[in-house]
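Subject: Structure handover

Hi,

Here is the structure for you to take over. Please open it alongside this email.

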Amino acid sequence: MKAGACFTLIAAALAAGCGGGSSSNQGNGSCTPGTSTGVSITSTGFSPTAVCVLPTGTVTFTNHDTVAHDVEASS
């Protein structure tokens, strides 16, 4: 059984990225998955840019931008 899933976030038509947060290790391949985490969306991008959650975990996206964004996940 897989211990966790690591998601890479992609926004359609998003021109710039932003820094990571406490729930990720900024895409370096190591992460401690939890049961839930949050991702903020602003005009400058996603924060954090990568997160890890357990297979039954939840990722909550909060859009703080003035335009809508599409979010895709891959594991």
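Below is what turned up, starting with confidence and ending with the loops.

**Confidence**

This is a predicted model. Mean pLDDT for the protein is 71. A value of 70 or more is reached by 60% of the residues. Strand β3, residues 34-42, scores highest, with a mean of 95. Strand β2, residues 10-11, scores lowest, with a mean of 37. Residues 1-26 have a pLDDT below 50. That stretch still makes 68 contacts in the model beyond near neighbours in sequence. Please keep the pLDDT below 50 in mind when you look at those contacts.

**Overall make-up**

The protein has 75 residues, and 23% of them count as buried. It has 6 strands and 0 helices. Along the sequence the pattern reads β-β-β-β-β-β. The accessible surface is about 4,700 Å². Carbon and sulfur atoms account for 52% of that surface. Take the contacts between residues at least 6 apart in sequence: 58% of them join residues at least 24 apart.

**Strand pairing**

Which strands does β3 pair with? One is β5, residues 50-63. β3 and β5 run parallel, with 7 bridges between them. In this pairing, G34 sits opposite V53 of β5. The other is β4, residues 45-47. β3 and β4 run antiparallel and share 3 bridges. I41 has F46 in β4 as its bridge partner. β3 and β4 also make a hairpin, with 2 residues between the strands.

V53 and T32 are 21 residues apart in sequence. Their C-alpha atoms are 7.9 Å apart in space.

**The disulfide**

How many disulfides does a search of the whole structure find? It finds 1. The pair is C31 and C52, with sulfur atoms 2.3 Å apart. C31 is in the loop between β2 and β3, and C52 is in strand β5, so the pair ties together parts that are 21 residues apart in sequence. For reference, a disulfide is a covalent bond between the sulfur atoms of two cysteines.

Are the two cysteines buried or exposed? C31 is partly exposed, with a relative accessible area of 24%. C52 is buried, at 8%. The cut-off for buried is under 20%, so 8% puts C52 on the buried side. The 24% of C31 falls between that cut-off and the 50% one, so C31 counts as partly exposed.

C31 also pairs up in space with A50. The two are 19 residues apart in sequence, and their C-alpha atoms are 9.4 Å apart.

**The cis peptide**

Where is the cis peptide bond that has an omega of about -5°? It joins S47 and P48. P48 is in the loop between β4 and β5. As background, most peptide bonds are trans.

**D65 and its surroundings**

D65 is in the loop between β5 and β6, the latter being residues 71-72. Its relative accessible area is 19%, so D65 counts as buried under the 20% cut-off. The D65 side chain makes a polar contact with the side chain of H69, at 2.7 Å.

What does D65 touch beyond its neighbours within four places in sequence? It is in contact with I41, T42 and S43. I41 is also the residue whose bridge partner in β4 is F46.

**In short**

β3 pairs with β5 in the parallel sense and with β4 in the antiparallel sense. A cis peptide links S47 and P48. Residues 1-26 have pLDDT below 50.

Over to you.

Best wishes

Notes
Residues are numbered from 1 along each chain as its sequence is written. This is a predicted model: local features need pLDDT of at least 70, side-chain atom pairs count only at pLDDT 80 or more; totals for chains, interfaces and linings use all residues. Side-chain values use heavy atoms; hydrogens and water are left out. pLDDT is the predictor's confidence in each residue, from 0 to 100. Helices (H or I, at least four residues) and strands (E, at least two) are DSSP runs, numbered from the N terminus. Contact means heavy atoms within 4.5 Å. Two strands pair if DSSP finds at least two bridges between them. A disulfide is a pair of cysteine sulfur atoms within 2.5 Å. Buried means under 20% relative accessible area, exposed over 50%, partly exposed in between (1.4 Å probe, protein chains only). Accessible areas come from the Shrake-Rupley method with a 1.4 Å probe; for residues, only the protein chains shown count as cover. A polar contact is a pair of N or O atoms within 3.5 Å; within protein, one must be able to donate a hydrogen and the other to accept it, and residues adjacent in sequence count only if both atoms are side-chain atoms.
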